[in-house]
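Here is a short briefing to read alongside the model. Please keep the viewer open as you go.

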Amino acid sequence: MTDPAAADPQGDSTPWGSILRNIALVLVMLAMLWLAFNVRLPELSTLQSQIAALGVWGLFAFIALYAVVALTPIPVTIMAVTGGLVFGLPVGTLLSLIGVVIGCYGAYWLARALGRETVLRMLGGHARMVEERLEGGGFFAVCTLRLMPGVPYWPVNYGSGALGIRSHDFLVATALSSLPGQLSLVAIGAFIAEPSLLNGIVVAVSWAAVIALTVVSFRRWRSTREDQ
């Protein structure tokens, strides 16, 4: 009589890796749905007063909160504007950039752990756009999506990790391409707090830079795709 264990050289053929990834997908999606429907950032004035009340610890609290927000589908806009309201233009831009880069990089590595198929299912309606732009892409692909108006940060973060963008390319592209957008949003907050000519000029120049860099980055991305 043949031993069933001997007949199967692979031993237990249960696809535990696939099962665990699907469980992780469900847990991540449930967490994101809960955050999207139950977590509401306070009004700008409330958030401003809460962070200001923490004193020097408000710097670290702001960075930590920004990083958590950047991990989720919650828009990062209110955090950047709050940075300008609370800390002003130079410090607010620096803190916002640090927070958003930490959050984006964390989402990238989470996507690497979850795997391609799991993340693409999680992205839902964003999956096709992200796959078309990032598949076989690199630095300029990330820059293009990061700069493109109307594209949220979180699909780019998770898509980059799932589709094999090199971590160095992702990190540098995120830091560089997030700067103009963060600067423009922080400048809006700073202008609300102090409607000076300087802050108004920074708002206009930074938004013009976002548009110009989007065009340049898209052309470089398209050129690299045509050369492949």
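Predicted model: local features only at pLDDT ≥ 70, side-chain atom pairs only at ≥ 80, totals over all residues.

Residues are numbered from 1 along each chain as its sequence is written, and side-chain values use heavy atoms, with hydrogens and water left out.

**Largest pocket**

- The largest pocket holds about 430 Å³ of space. A pocket here is an open set of points on a 1 Å grid over the protein atoms alone, where a 1.4 Å probe fits, with protein on both sides within 12 Å along at least five of seven lines. Its volume is the space filled by probe spheres set on the points, which are joined across faces, edges and corners.
- Lining residues have an atom within 4 Å of a point. The largest pocket is lined by 24 residues, and Val76, Thr77, Val151, Tyr153 and Leu185 are the closest to its centre.
- At least two lining residues come from each of α9 (139–147), α10 (153–162), α11 (167–193) and α12 (197–227). Helices are DSSP runs (H or I, at least four residues), numbered from the N terminus.
- With five residues, α11 gives the most to this lining.
- By type, the lining of the largest pocket has 16 nonpolar, seven polar and one charged residue. Nonpolar covers Ala, Val, Leu, Ile, Met, Phe, Trp, Tyr, Cys and Pro; charged covers Asp, Glu, Lys and Arg; the others, Gly among them, are polar.

**Second largest pocket**

- About 150 Å³ of space lies in the second largest pocket. Among the residues that line it are Phe139, Phe140, Cys143, Pro180 and Arg220.
- Helices α9, α11 and α12 each give two or more residues to the lining of the second largest pocket.
- That lining divides into eight nonpolar residues, two polar and one charged.
- Arg220 belongs to helix α12 and is partly exposed, at 44% relative accessible area. Buried means under 20%, exposed over 50%, and partly exposed in between (1.4 Å probe, protein chains only).
- The C-alpha atoms of Arg220 and Phe140 are separated by 6.5 Å, although these residues are 80 apart along the chain.

**Aromatic pairs**

- The whole structure has ten aromatic pairs. Rings of Phe, Tyr and Trp (its six-membered ring) pair if their centres lie within 6.5 Å; planes under 30 degrees apart are stacked, over 60 edge-to-face, and the rest tilted.
- Why is the pair of Tyr105 and Phe170 stacked? The planes of Tyr105 and Phe170 meet at 15 degrees, with the ring centres 6.4 Å apart, so the pair counts as stacked.
- Tyr105 sits in helix α6 (residues 89–114) and Phe170 in helix α11, so this pair links distant parts of the chain, 65 residues apart.
- Tyr105 is partly exposed at 24% relative accessibility, whereas Phe170 is buried at 1%.
- Tyr108 and Trp109 make an edge-to-face pair, at 5.3 Å centre to centre and 90 degrees between the planes. Tyr108 is buried at 0%, and Trp109 is partly exposed at 40%.
- Tyr105, Tyr108, Trp109 and Phe170 together form one aromatic cluster.

**Other contacts**

- Arg146 lies over the face of Tyr153, 4.9 Å from the ring centre. The cut-offs for a charge over a ring are NZ of Lys or CZ of Arg within 6 Å of the ring centre and within 35 degrees of the ring normal.
- Ser184, in helix α11, is buried with 0% relative accessible area.
- Leaving out residues up to four places away in sequence, Ser184 touches Val203, Ser206 and Trp207; contact means heavy atoms within 4.5 Å.
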